[in-house]
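Open the structure in a viewer and keep the sequence at hand. The stops below say what to select and what is found there.

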Amino acid sequence: KGRLTLDEFKTQVLAMADRTGAASITSTEVYLLINQALAQIWNDLASTVPDSMIASVSAITVTAGTESYNLPDDLLVARCVMLLSGGYEYPMQVYRMEDKGDIAMWIQYGMPVTSIVNPAAFKWYKILGAKLFVYPKTWSGTVNLYYLPQCTPISSGGTSLTPSASLPYVC
């Protein structure tokens with residue numbers, strides 16, 4: 001049949017459960033159960049086929065001297081962080097604790113913190129809690145955070161259950 005509204009889906013679910021008569025379950029309860037199942041399917045897909053999942057992108061302006069930035073409220077899983085430079089995107093490396101000594105040594109002894117070939121060389125990021133941290137904090141620019149958003153609950157009133165158009169995963 002194609003697209004279904006949440007109300008049409010609810011009616012079909014109740015018919016399949018033979019609950020079309022008396023009000024043994026309210027619409028609110030049905031919507032809650034549908035959204036819980038949808039969120040579980042979304043999370044299962046995110047953990048089993050993450051590279052095939054839809055990604056959103058959030059541009060974050062990095063300012064020299066600032067170490068941490070807020071993540072999008074709807075972030076479920078971060079996919080990658082790309083540095084924008086000269087109209088191109090360059091993947092940034094994840095900051096790992098085991099690299100901390102090497103990074104500090106590079107900065108202390110004046111090793112280059114930029115690269116002509118790859119502007120993202122010598123730039124790292126890590127995600128802790130609801131923050132994106134960038135290292136070193138001596139540069140300015142823009143990064144794109146590609147991420148899988150949280151499942152958006154469906155509400156009644158004609159909302160379509162067909163997934164909306166979105167960005168392809170590019171990292």
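The tour of this predicted model goes from a helix pair to a set of paired strands and then to charges placed over rings.

**Stop 1: two helices**

Select residues 6-16, which form helix 1, and residues 27-48, which form helix 2. Their axes come within 10 Å and cross at roughly 95°. Angles of 65 to 115 degrees count as roughly perpendicular, so helix 1 is roughly perpendicular to helix 2.

Now show the side chains at the contact. From helix 1, pick Leu-6, Asp-7, Phe-9, Lys-10 and Leu-14; they meet Ser-27, Val-30, Tyr-31 and Ile-34 of helix 2. The residues of this contact comprise six nonpolar, one polar and two charged.

**Stop 2: strand 3 and its partners**

Select strand 3, residues 75-85, together with strand 8, residues 141-149. The two pair in the antiparallel sense, over eight bridges. Within this pairing, find Met-82 in strand 3, with Asn-144 of strand 8 opposite.

Strand 3 and strand 4 form a hairpin with two residues between the strands. Click on Gly-86 in this hairpin: its phi is positive, near 60°.

**Stop 3: charges and rings**

Which ring does the charged end of Lys-123 sit over? Select Trp-139: the charged end of Lys-123 is 5.3 Å from the centre of that ring. Then select Lys-126 and Phe-133; Lys-126 lies over the face of Phe-133, at 5.7 Å from the ring centre. As for pairs of aromatic rings, a search of the whole structure finds one.

Note on methods: Residues numbered from 1 in each chain as written. Predicted model: local features only at pLDDT ≥ 70, side-chain atom pairs only at ≥ 80, totals over all residues. Heavy atoms only, no water. Axes fitted to C-alpha atoms, helices over the stretch in contact; angles between N-to-C directions. Helix = DSSP H or I, 4+ residues; strand = E, 2+ residues; numbered from the N terminus. Parallel < 35°, antiparallel > 145°, perpendicular 65-115°, else oblique. Contact = heavy atoms within 4.5 Å. Nonpolar A, V, L, I, M, F, W, Y, C, P; charged D, E, K, R; others polar. Phe/Tyr/Trp six-rings, centres within 6.5 Å; stacked < 30°, edge-to-face > 60°. Lys NZ or Arg CZ within 6 Å of the ring centre and 35° of its normal. Pairing = 2+ DSSP bridges.
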